[in-house]
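Please look through the sequence and the model shown here before reading on. The paragraphs that follow take up a pair of helices and then a set of charged side chains.

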Amino acid sequence: MFNAYGILPVNRSVYWIGANDRETDKFEGLWDLPLGVAYNSYFIDDERTVLIDTVKSSFMDDFLYRLNHLLNGRRLDYVVVNHMEPDHSGSLGLLRRLYPEAKYVGNAKTLEMLKNFFGIEDGLVEAKEGEMLDIGERKLAFAFAPMVHWPESMATYDATDRLLFSNDIFGGFGALEGGIFDDEVNQDWAIYEMMRYYVNIVGRFAGPAQKALAKVRGLDVAMICPAHGPIWRNDPSYVIGLYEKWSRQETEEGVVVVYGSMYGNTKIASDVIARTLSESGVKKVSVFDISRSNMSFVTTDIWKYAGLILSSCTYNMELFPPMAALLRLLENKMMKGRKIGLCGSFSWSGAALKEMKAFVDRSKGGWTLVDPAIEFKSFPSDDSLALCESLGRNMALAIKGDAR
Ligand code: FEO
């Protein structure tokens, strides 16, 4: 008999059979996972047996034991593929060999990716928006959510139990630590990690996210069952509201100071700006050393707060590379609507301030420059530090009451 370890009931006939990954260091090879990540897969026990999404391939062993236990000799009828990124689809190739009779359900773009990833071309059911998949007591409906996170992304809705299997939408980093429901876990942690997932994985696609949210708003949802992080059953409308706020890039009163400094001289200027912000009444000031911070935490705070200070040295006649990487990422994430202050330094050929100004110019008003833009040579003089204090005071004034 297969081991039932790790099968967690979601309701009378839906079970969590996902995986908690505390081994992967970087999600997508980019984003730090200090607390791991969960790949949530759900089994629906109806007249037809249904699997909603799978797990990363390296976590398939335990997942298969759980699946076999729940099937208890029955056939696996359907595998609903809400998203083809391999953190959810990685097990589909081997699963097809083990359960050749199971039909894979996805939209037209999903079916194309099933062929491209795994060479799977038969035993497929094309999901269409507005049509239902009859599995017995339940009828599953599909809501397409293109670009949240990939073009084929979709959510699956069970109107009988009012469950929304939302995949990446409402998902968060962090392995599940015993609790699988929002009311069983530390809320501060869960919301922060959901925001970090949103900003870094989904954030670029704000327009598509808002379209998906409009569809979700039209559903009567008792529980949101995402593919990462806890199940939201306490007050689903609260997390829907958070997602709406984030997708509109609404900010809170606060300032992020990011500095790049090789020998600490640019750090001195940054610390003076941060101190002046605090003296000017800004309660939420985050300071990051860009050489030592994972981008996912930096971008999350930048998304959250109304003001940003970039302070960087020059490296070989160019902007310090880690700061240049941050600017590329901010452009990729299409962040906008925030105040920005700049401080650049150099010893023999200045480029930092010029390149950071060019970043602001390219945003075509997306970022509003707060004066003064500062540039100093080698070590910040008293005059330069006085300018840093001016920038801190002006930024505090700019963001107060301006957080949208
Ligand atoms: Fe959780 Fe876009 O994958």
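A crossing of two helices is called left-handed if the near helix is turned anticlockwise from the far one by less than a right angle, and right-handed if it is turned clockwise. Helices (H or I, at least four residues) and strands (E, at least two) are DSSP runs, numbered from the N terminus. The model is a predicted one, in which local features need pLDDT of at least 70 and side-chain atom pairs count only at pLDDT 80 or more, while totals for chains, interfaces and linings use all residues. Residues are numbered from 1 along each chain as its sequence is written, and side-chain values use heavy atoms, with hydrogens and water left out.

With these terms in hand, the crossing of helix 8 and helix 12 can be described as right-handed. Helix 8 (residues 265-279) packs against helix 12 (residues 382-399) at an angle of about 40°, and their axes are 8 Å apart, where axes are lines fitted to C-alpha atoms, for helices over the stretch in contact, and angles run from 0 to 180 degrees between N-to-C directions. That angle makes helix 8 oblique to helix 12, since angles under 35 degrees count as roughly parallel, over 145 as roughly antiparallel, 65 to 115 as roughly perpendicular and the rest as oblique.

The charged side chains come next. Side chains of opposite charge can pair when their charged atoms come close. The structure holds 25 salt bridges, a salt bridge being a side-chain nitrogen of Lys or Arg within 4 Å of a carboxyl oxygen of Asp or Glu. One of them joins the side chains of Asp 45 and Arg 74, at 3.0 Å from N to O. Because Asp 45 lies in strand 7 (residues 42-45) and Arg 74 in the loop between helix 1 (60-71) and strand 9 (78-80), this pair ties together parts that are 29 residues apart in sequence. Asp 45 is partly exposed, with a relative accessible area of 27%, and Arg 74 is partly exposed as well, at 36%; buried means under 20% relative accessible area, exposed over 50%, and partly exposed in between (1.4 Å probe, protein chains only).

Another salt bridge is formed by Arg 138 and Asp 158, whose closest N and O atoms are 3.1 Å apart. Arg 138 lies in the loop between strand 12 (132-134) and strand 13 (139-144) and Asp 158 in strand 14 (residues 154-158), so parts that are 20 residues apart in sequence are tied together. Both Arg 138 and Asp 158 are buried, and they belong to a network of salt bridges that also links Arg 12, Asp 46, Glu 137 and Asp 161.
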